Amino acid sequence: MERVTLFQSGRRSAKSEKAEGDMFSGTYYHNLDSKGRIIIPSKFREELSEGFVLTKGLDHCLFLFPMSEWINFRNKLKAVPLTSKEGRAFTRYFFANAVECEMDKQGRLNIPQELRKHAHIDKAVVSIGVDSRVEIWSKADWESYNESPELDSELIAEKMEGLGI
């Protein structure tokens, strides 16, 4: 089955297989089960089928990277000079809690307790696709983030213009 991909190197390309670099997008609500697992949205499963890395994210969420994206991210972090105090802190932040993961046969992910604590996850969970990664949020934190004044569409438009977007 042929599909058209619009999110690869800024150009249209047709692929008969899954396009390398397909993006994650969408917002999905679910609950943590009694064993600390969440269901990975079916839309994300193929891209994550080769394994992935879960780590602390920014804004009190978790970042879930497909293995290929984790390698890219890791290589960028390797380029940070060891002489930079901020660089060392940044690298430690992501690597100290990084966990290599796989889904079980039902498409579930077990989130380690320390990562659940970081993201304030106790029951209601939101998974969002953010291009090359998935972010996992507590529902309460996601709702609070979305109500923040920084997300005013006019302010975002101004900042995008300043970035040339």
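View 1. Just after helix H6, Gly164 adopts a positive phi of about 80 degrees. The model is a predicted one, in which local features need a pLDDT of at least 70 and side-chain atom pairs count only at a pLDDT of 80 or more, while totals for chains, interfaces and linings use all residues. Residues are numbered from 1 along each chain as its sequence is written, and side-chain values use heavy atoms, with hydrogens and water left out. Helices (H or I, at least four residues) and strands (E, at least two) are DSSP runs numbered from the N terminus. Of the 10 residues of H6, the number buried is zero, so this helix lies largely in the open. Here, buried stands for under 20% relative accessible area, exposed for over 50%, and partly exposed for values in between (1.4 Å probe, protein chains only).

**View 2. A nonpolar patch that includes Met160 of H6.** Ile156, Met160, Leu163 and Ile165 make a nonpolar surface patch of about 400 Å². Patches are built from residues with over 30% relative accessible area and no salt bridge, with like charges joined within 9 Å and nonpolar side chains (Val, Leu, Ile, Met, Phe, Trp, Tyr) within 5 Å. Accessible areas come from the Shrake-Rupley method with a 1.4 Å probe, and for residues only the protein chains shown count as cover. Met160 is found in helix H6 and counts as partly exposed, because its relative accessibility is 34%.

**View 3. A patch of negative charge on the surface.** The residues that gather in this patch are Asp152, Glu154, Glu158 and Glu161. Asp and Glu count as negative and Lys and Arg as positive, whereas His and the chain ends are not counted; the place of a charge is taken as CG of Asp, CD of Glu, NZ of Lys or CZ of Arg. Asp152 sits in the loop between helix H5 (139–146) and helix H6 (153–162), and its relative accessible area of 36% is why Asp152 is classed as partly exposed.

View 4. Arg37 counts as buried because its relative accessibility is 18%, whereas Asp33, at 25%, counts as partly exposed.

View 5. An α-helix has 3.6 residues a turn, so residues three or four places apart point the same way. Glu143 counts as partly exposed at 36% relative accessibility, and Lys139 is likewise partly exposed, with a relative accessible area of 33%.

**View 6. The surroundings of Ile40.** Ile40 lies in the loop between strand E4 (37–39) and helix H1 (42–48), and Ile40 counts as buried because its relative accessibility is 3%. Leaving aside neighbours within four places in sequence, Ile40 is in contact (heavy atoms within 4.5 Å) with Arg45, Leu48, Leu64, Met103, Gly107, Arg108 and Leu109. Ile40 and Gly107 are 67 residues apart along the chain, yet their C-alpha atoms are separated by 5.6 Å.

**View 7. Positive phi at Asp59 and His120.** Most residues other than glycine have a negative phi, and most peptide bonds are trans. Asp59 has a positive phi, near 60 degrees, and is found in the loop between strand E5 (52–56) and strand E6 (62–66). Asp59 counts as exposed, because its relative accessibility is 53%. His120 also has a positive phi, near 55 degrees, in the loop between helix H4 (113–118) and strand E9 (124–131), and is partly exposed, with a relative accessible area of 40%.

Key:
Salt bridge = Lys/Arg side-chain N within 4 Å of Asp/Glu carboxyl O.
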